[in-house]
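Biologist: I would like to learn how to read the overall features of a structure before looking at a single residue. Can we take one case and go through it in order?

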Amino acid sequence: MTVEEPKQNPTHALYKPNFRTERYPKNRTPWISSFEQYKAMHEQSINEPDVFWRLRASELVEFNTPFHTVCSGSLSEGNVKWFEGGKLNISYNCVDRWAEKTPDAVAIIYEADQPGGAKSVTYKELLDQVSRIAGVFKSFGLEKGDTVAIYMPMVPEAAATMLACTRLGLVHNVVFAGFSAHSLAERIRDSNSKVVVTSDQGLRGGKIIHNKKIVDEALLTCPSVTKVLVFERTGAEVPMQQGRDVSWSKALSEQNEFVPPVFVDSEDPMFIMYTSGSTGKPKGLLHTTAGYLVGVAMTARYSFDLSSGDVICSTADVGWITGHSYAVYGPLCLGVTTVIFESIPNYPDGSRLWKVVEDHKVTHLYTAPTAIRSLRRLGDEFVNCTDLSSLRVIASVGEPINPEAWVWYKSVVGKDLCPVVDTYWQTETGSHLITAIPFATTTKPGSATFPMFGIEPAILDPNTGEELTGPNVKGVLCIKKPWPSIARSILGDHDRYLTTYMHAYKGVYFTGDAAMRDEDGYYWINGRVDDVINVSGHRMSTAEIESAIIQNESVAESAVVGIEDEITGQSICAFVTLQAGLKESDQIKKSIIAKIRSEIGPIATPKNLVFVNELPKNRFGKILRRILRKIASGESDQLGDLSTVADPHSITELVARVHIMLKV
């Protein structure tokens, strides 16, 4: 199964999957079982897109009224439309049709924050709950096109609320239930949400999150909100404003009638998902109905080889696009069981995520590189004490995964019997852009491999915009043709949408990421363009340097940023956390630098290397490099929105340490 696995440099290893020798059901065949099949399908998706997408749409989604046009418009004009003329309902596709065919099949497995609190929700039960929530929304006077803000913990009721919105043609605006009141209010106002759905409290890693209290504070500046529906997660007593706040249990108990789905146009708005940065107003990406559903269902089927009877656990919160696409809509559209994981992978100890896999016989695991690295840091014994034999596909999302973590994930977690699917995509794209096909693609650790169907990548010279053809090229990653699940606009600011994504380079979608295509045609994502460091005219990706650093056995995690330098233009600043039990030393520092110099060259030597206890991350575990960049640049008083930081108090300690070491 493994072809050439050099011990010194796993980046050069090749892993050729063979479903006949791996953990594959004897009575099934993968959706795509060879690279030749993948290539034929990809070629058709590029050369005959109408034929390809008409077939995918008919296979995956039920339209109440057939569409007449597969795709119209262009990227350059920013007026792309898919499946025009069609009418459909997301809730029907994800719930009703499975409740009719397999009512007792499990739709959602809920893994509560505290171990031992799991429960299952069948498709029949989910339909009842979705219908009742929709009935409550109707009683609030909500109508097709109105927006509902959802600020809830990772509970099945959050997914049901999203589906209830789609049942009535409402637009949902899910805000991660870890954002501050200020950030929540900003998103409610921008989306003009009329109703907020929240919980009394939330639980995460044993900690209480005061959701209702945060909502109350946010609504002081949100006059558009007329109703707040409060789910009783913990049963804690919380203030209820008369006439505005409504008890979940009471409201749902009063709804007895089945609420039929409202069939909407293919291009009707489905949801708004906000992205934020260090400066500027958060961008409310607007996704529409048919194209999004076809995109996530298609990629869920082929990227993961999902079929009815499988159990997928995506550890992403529904407040992020991964939670939308691959914890809710993608799996449920396929009639698959999805695990809603309320807790964190290492609570109460490092075996938690692996016990979730064991307890629920998870077949597909989808998590972030940071989670993989953090669990790797805790030791193999936490993995080895659990039975992971149900796993068939293990996948990664969120940022480029370094080869060492990739190999650990495959060998220790997957026991060399599960292909690793490293997926590259964005909030803006709605679904996967570049990814391995689990039983067809020969993979390289750290590479996203090849484009998904319908995706035609181009690597452009960042200065001239000229496409760089052939192998071994580096530049900015763009996409040449539209795909169904692309966001249609930024809410209320289409000009910003065009400027940011469509007009940066002529005639293509600009991802904002740097990438490399190697001699075999594999794509390697090198991080955001602003995470490419230019030292004396030498452009280096932060991901490349980080990967070299983490090859040092003393290192747990690393993050590299570029800061202004009056001599070299930019200099490299590396932040490093060490394996448990180790203390920083000159010897370790020297060995890290030596590894960088040997892997990349002297030009990649960091001007500053800072040992820290923790790297700043959001709640999904993604390292917030913009914060490190600002701190290292002496701009710790201009850190921007910190509401996404998992532990805001750690920033104070980080700032103090960096100030001492760098004297900024």
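Modeller: Start with burial. This is a predicted model, and buried residues make up 62% of the 664 residues in the protein chain.

Biologist: What share of the accessible surface belongs to carbon and sulfur atoms?

Modeller: The accessible surface of the protein chain is about 24,900 Å², and carbon and sulfur atoms hold 50% of that area.

Biologist: How many helices and strands are there in the protein chain?

Modeller: The protein chain has 19 helices and 32 strands. Its radius of gyration is 24 Å, close to the 26 Å that the globule rule gives for 664 residues, so the chain is as compact as a globular protein of that length. Along the principal axes, the C-alpha atoms fill a box of roughly 70 × 55 × 55 Å.

Biologist: What do the contacts say about sequence separation?

Modeller: Take the contacts in the protein chain with a separation of 6 or more: 71% of them are between residues 24 or more positions apart.

Biologist: Now a single residue. Is T322 buried or exposed?

Modeller: T322 has a relative accessible area of 6%, so T322 counts as buried, the cut-off being under 20%. T322 is found in helix α10, which covers residues 321-333.

Biologist: Which residues is T322 in contact with, leaving aside its neighbours within four places in sequence?

Modeller: With those neighbours left aside, T322 is in contact with S314, A316, A327, Y366, V397 and W425.

How values were computed
Residues are numbered from 1 along each chain as its sequence is written. This is a predicted model: local features need pLDDT of at least 70, side-chain atom pairs count only at pLDDT 80 or more; totals for chains, interfaces and linings use all residues. Side-chain values use heavy atoms; hydrogens and water are left out. Helices (H or I, at least four residues) and strands (E, at least two) are DSSP runs, numbered from the N terminus. The radius of gyration is taken over C-alpha atoms; the globule rule is 2.2 Å times the number of residues to the power 0.38. Buried means under 20% relative accessible area, exposed over 50%, partly exposed in between (1.4 Å probe, protein chains only). Contact means heavy atoms within 4.5 Å. Accessible areas come from the Shrake-Rupley method with a 1.4 Å probe; for residues, only the protein chains shown count as cover.
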